[in-house]
Amino acid sequence: MTLSIADRGQTRRGLRAVAWGAAVLMGGSFIAGCGSGKDDESLGSDPETPSGSASASASASAGASADPQEEAAKAEVVTVYRKYWDEQIKAYAKASPADTDLNKYAFDRALSKTKGDLISMQQKGNVLRGDVQIDPKVTSISLGETPKKAAITDCTDVSKWQLVNEKSGKPVELPKERLTRFITNVTIRTVGERWMVVDIQQTDRKC
């Protein structure tokens, strides 16, 4: 959860590209990649309402359903997404997936994007410290096909996630116009019997 690599000379549109790719701008993922989004409609959670942290207990986010099996699946999907973030935060804190369970929760493009970010961070000597606040909501789920599929819309808040140079401990300068709270679209599906995050797409919409 191929990289789109931004640099300081890119346009505002480039800075608003998929957040995962923007990691390589400074060696930091979501934290570096979004534009200001000043003209975008504010969507998702109320900015004044704090989101749940990545390590918070999972809860099904979609509306009540008469199908207990579907509700249980939604809760499991949210749990997987939260654990994915927990392991990702651990990996970014040391610029390495070693001794994390990232492979249990991320697959396909989501996993390759994170690993690409980590390689770039290692090369630049940067790490990410702090925490990420998330507020995932299951927007669709399909249990009648193989693989099973689900979609999550999340309000991702990286305002307390700081990119620093590991050696000096000093913060790395980031684009001033970046969003630190934005809508993220997440694709999750089963791999065998396990739900896994397979793709993450940041938008330039505030939440």
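These are my notebook entries on a predicted model of one protein chain.

**Entry 1: overall layout**

I began with the secondary structure and counted five helices and eight strands. Reading from the N terminus, I get the order α-α-β-α-α-α-β-β-β-β-β-β-β. The chain has 207 residues, and buried ones make up 47% of them. Its accessible surface comes to about 9800 Å², with 47% of that belonging to carbon and sulfur atoms.

**Entry 2: the core**

Next I looked up the largest nonpolar core, which holds 38 residues. Those with the most contacts inside it are Val77, Tyr81, Tyr84, Trp85, Trp161, Ile188 and Val197. Which helix gives the most to this core? It is H3, spanning residues 68–94, with 10 residues.

I then picked Ile188 and listed its contacts, leaving out residues up to four places away in sequence. Among them are Val77 and Tyr81, along with Lys148, Lys149, Ala150 and Ile152. Ile188 also touches Trp195, Met196, Val197 and Val198.

**Entry 3: rings**

My ring search returned four aromatic pairs. Tyr81 and Tyr84 are stacked, at 6.0 Å centre to centre with 25° between the planes. These two tyrosines sit three residues apart in helix H3, so about one helical turn separates them. Both Tyr81 and Tyr84 are buried. For Tyr84 and Trp85, the ring centres are 6.2 Å apart and the planes stand at 70°, so I logged this pair as edge-to-face. Trp85 is buried, as is Tyr84. Taken together, ring pairs link Tyr81, Tyr84, Trp85, Tyr92 and Trp161 into a cluster.

I moved on to strands S7 (residues 181–191) and S8 (residues 194–206), which pair in the antiparallel sense over nine bridges.

**Entry 4: a buried arginine**

Is Arg181 buried or exposed? Its relative accessibility is 13%, and because the cut-off for buried is under 20%, Arg181 counts as buried. I went looking for its polar partners. The Arg181 side chain makes a polar contact with the side chain of Asp157 at 3.2 Å. The Arg181 side chain also reaches the backbone oxygen of Cys207, at 3.0 Å.

How values were computed:
Residues numbered from 1 in each chain as written. Predicted model: local features only at pLDDT ≥ 70, side-chain atom pairs only at ≥ 80, totals over all residues. Heavy atoms only, no water. Core = buried A, V, L, I, M, F, W, Y, C linked by side-chain atoms within 4.5 Å. Buried < 20%, exposed > 50% of the residue type's maximum accessible area, 1.4 Å probe, protein only. Helix = DSSP H or I, 4+ residues; strand = E, 2+ residues; numbered from the N terminus. Contact = heavy atoms within 4.5 Å. Pairing = 2+ DSSP bridges. Polar contact = N/O pair within 3.5 Å; in protein donor to acceptor, adjacent residues only side chain to side chain. Areas by Shrake-Rupley, 256 points an atom, 1.4 Å probe, with all protein chains shown as cover. Phe/Tyr/Trp six-rings, centres within 6.5 Å; stacked < 30°, edge-to-face > 60°.
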